[in-house]
Amino acid sequence: MNPKGDAELREFIRKLALLNAVRHDGKAQTGSVVGKLLAEKPELRSKAKEFARLVGEVIQEVNSLSLSKQKGIVEERWPEALVKEKVEEEKRLPPLPNVDKYAEVVTRFSPNPDCVLHLGSARAIVLCYEYACMYKGKFILRFEDTDPKLKRPVLEFYDSIREDLAWLGCKPDEEYIQSDRISIYYEYAERLLKDGKAYVCTCQPEQFREKALANKPCVCRDLQPEEHLKRWQHMLEGGYKEGEAVVRIKTDLNHPNPAVRDWPALRVLDCEKYPHPRVGSKYHVWPLYNFACGLDDHLMGVSHIIRGKEHLTNMVRQKYMYEYLGWHYPEAIHYGRLKITGASLSKSEIVQGIKEGTYKSWDDPRLATFAALRRRGITPEAIRKLMIDVGPKTSEVVLSWENLNAYNRKILDPKANRYFFVHNPMQLTVRNIPKVFSAKLRLHPDYPERGFREYTIKRTGEDNSVALWVSRNDIEVLKVGKIIRLMGLFNIKVERTDAYSAEALFISEPYEEARKVGAPLIHWIPIGADLPCQVVMPDATVAEGIAESACKGLKPDDVIQFERFGFVRVDEVDMKLTAYYAHR
Ligand SMILES: [Zn+2]
């Protein structure tokens with residue numbers, strides 16, 4: 001090597017080392033730098049020993065600089081290398097209102113554990129969590145499980161919700177369960193009754209509704225607080241049956257929205273008929289949504305409520321109670337509707353489908369539950385990024401699966417190693433092979449340091465042939481007379497083809513020759529170096545085929561890319577590989 005070439009090479013290695021160092025907290029990784037170097041200058045392969053010392057020297061020099069010094073050099077000399085990373089960093093949520101009015105930003109996610117969580121909950125979870133982090137505040141998980149009749153909680157869902165939050169990377173700082181807090185709700189009910197701000201209504205629901213619609217009080221409303229406290233005791237002692245008594249919060253009877261007028265706060269339920277999964281039949285007076293949620297937001301110190309617009313009326317209702325108790329209503333951010341086309345986000349549809357057996361389990365690939373997304377290899381990072389980009393805007397947002405897939409692809413692409421999967425396999429026999437070929441296929445095109453899958457292609461018989469699996473999906477490409485490139489191997493010319501098999505002749509080895517004639521590239525697997533493989537598709541159908549034998553070393557939860565097929569998550573590997581399809 002001449003002195004000039006030497007200096008140039010040294011400078012090139014220095015660039016790679018500096019770029020690598022700024023990405024790794026100031027310490028360049030030798031393996032990555034060597035890999036990048038060989039990828040960009042393959043001619044150096046044969047001189048690996050000669051330049052190993054040079055790389056070592058340069059890395060030592062670069063790593064001795066401080067991170068800020070390294071960044072300074074990169075910014076000055078190769079600013080374009082930093083542009084991409086900067087853009088990624090700039091995505092931020094808009095600031096929350098009136099943060100300085102509170103000692104601490106506290107947000108909460110409050111699911112009813114009557115179903116598993118799905119993508120529809122992602123926005124509330126991610127926004128609440130991210131805002132809490134952004135202001136170094138607190139994120140609360142609160143189980144709202146006070147309707148054992150119509151929204152009956154189920155024990156397994158408390159755990160699955162905790163797991164989903166952990167998987168999303170949104171672990172709560174505190175957790176509360178409303179069915180543990182019934183005595184607190186009773187205490188406040190009594191206080192409001194005593195102050196004449198609430199009353200026990202024993203009217204038939206229909207009678208009450210008629211009066212409310214006419215802006216008139218029912219017969220109970222104006223009775224003395226003593227009478228209501230008596231009725232309350234009677235309620236607690238089981239003197240009223242289900243439907244016979246309701247505690248109502250007084251509001252303006254002229255409020256334009258009839259649904260706000262004297263809203264119900266607590267009611268009687270038949271606790272023998274509807275036992276609660278956690279507390280059984282201990283209580284027959286249960287708080288309703290607005291009462292429990294409204295009290296808890298204040299009692300738990302929630303500073304910012306972040307939720308959908310459908311809760312606007314609830315805020316109006318709860319504000320009456322806050323006024324009576326002398327409390328300040330938290331900041332409320334109501335975002336617009338989020339629709340995801342093609343995803344069933346209705347809890348009742350999901351539950352019904354499971355009951356009827358339409359869906360095999362909560363992680364059925366057709367569902368948009370977190371369990372299903374996890375099984376398919378959709379990453380929590382993609383969900384979080386997407387939700388941060390959507391943010392808390394008030395206008396309606398319509399997303400498609402493809403939006404989520406695009407975020408996920410960006411995250412998986414650098415991570416996922418590449419393998420061949422032959423869907424609908426058929427046999428291809430290639431004749432006239434001049435020598436034994438050794439195919440070295442990169443695990444990842446951009447990360448040569450990860451290594452290769454290697455297959456030796458041995459010819460047999462008088463015609464020096466080899467038998468490979470190719471996909472029947474490529475039948476349109478396998479036309480007689482056509483030149484085709486077997487990826488990473490050699491070029492062939494198709495001689496004969498039918499629905500079950502094809503025959504071809506070896507033509508040449510260099511990729512250049514395939515490129516010159518515009519030959520299509522197809523993937524292949526040597527017969528004998530294969531592993532039966534099933535890919536469960538998002539519509540729950542199964543794509544049957546063969547994976548290359550290197551897949552035997554994969555483990556469940558590995559996410560890989562089957563080239564020309566798509567990204568999949570490995571579900572099980574033994575005598576057969578089972579994978580779940582994420583997306584192309
Ligand atoms: Zn009444």
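Helices H15 (380–390) and H16 (residues 401–415) pack with their axes 8 Å apart, at an angle of about 135 degrees. Axes are lines fitted to C-alpha atoms, for helices over the stretch in contact; angles run from 0 to 180 degrees between N-to-C directions. H15 is therefore oblique to H16. Angles under 35 degrees count as roughly parallel, over 145 as roughly antiparallel, 65 to 115 as roughly perpendicular, and the rest as oblique. The H15 and H16 crossing is right-handed (near helix turned clockwise from the far one by less than a right angle; left-handed if anticlockwise). Helices (H or I, at least four residues) and strands (E, at least two) are DSSP runs, numbered from the N terminus.

The model is predicted: local features need pLDDT of at least 70, side-chain atom pairs count only at pLDDT 80 or more, and totals for chains, interfaces and linings use all residues. Residues are numbered from 1 along each chain as its sequence is written, and side-chain values use heavy atoms, with hydrogens and water left out.

H15 and H16 also form a residue contact (heavy atoms within 4.5 Å). On the H15 side, Glu381, Ala382, Ile383, Lys385, Leu386 and Asp389 take part; H16 supplies Leu404, Tyr407, Asn408, Ile411 and Lys415. By class, this contact has 6 nonpolar, 1 polar and 4 charged residues. Ala, Val, Leu, Ile, Met, Phe, Trp, Tyr, Cys and Pro count as nonpolar, Asp, Glu, Lys and Arg as charged, and the others, Gly among them, as polar.

H15 also packs against helix H6 (residues 122–134), at about 80 degrees and with the axes 9 Å apart. H6 is thus roughly perpendicular to H15. Ala122, Arg123, Val126, Leu127, Tyr129 and Glu130 of H6 meet Ile383, Arg384, Met387, Ile388 and Val390 of H15. The contact has 8 nonpolar, no polar and 3 charged residues.

A further pair is H11 (residues 289–299) and H12 (residues 312–325), with axes that come within 10 Å and cross at roughly 60 degrees. H11 is therefore oblique to H12. Their crossing is right-handed. Contacting residues include Phe291 and Leu295 in H11, and Met321 and Tyr322 in H12. The class count is 7 nonpolar, 5 polar and 2 charged.

H16 lies across S12, S25, S26 and strand S27 (577–583), and runs at about 130 degrees to S27. These strands belong to an open sheet of 7 strands, ordered S12-S25-S26-S27-S23-S24-S13, with mixed pairing. Strands S12 (417–419) and S13 (421–423) are at the edges with a single partner each, so one side of each has no neighbour in the sheet. Neighbouring strands are turned by 40 degrees against each other on average, direction ignored. S25 (residues 559–562) and S26 (residues 566–573) pair in the antiparallel sense over 4 bridges; pairing requires at least two DSSP bridges. Ile560 has Val568 in S26 as its bridge partner.

Another open sheet, also of mixed pairing, has 7 strands in the order S21-S18-S19-S20-S14-S17-S22. Strands S21 (521–522) and S22 (525–526) stand at its edges. S19 (residues 491–497) pairs with S20 (residues 501–508) in the antiparallel sense over 6 bridges. Asn491 stands opposite Ser508 in S20.

The structure holds 41 salt bridges (a side-chain nitrogen of Lys or Arg within 4 Å of a carboxyl oxygen of Asp or Glu). One of them joins Glu396 and Lys339, with the closest N and O atoms 3.6 Å apart. Glu396 is in the loop between H15 and strand S11 (397–400), whereas Lys339 is in strand S10 (residues 338–341), 57 residues apart.
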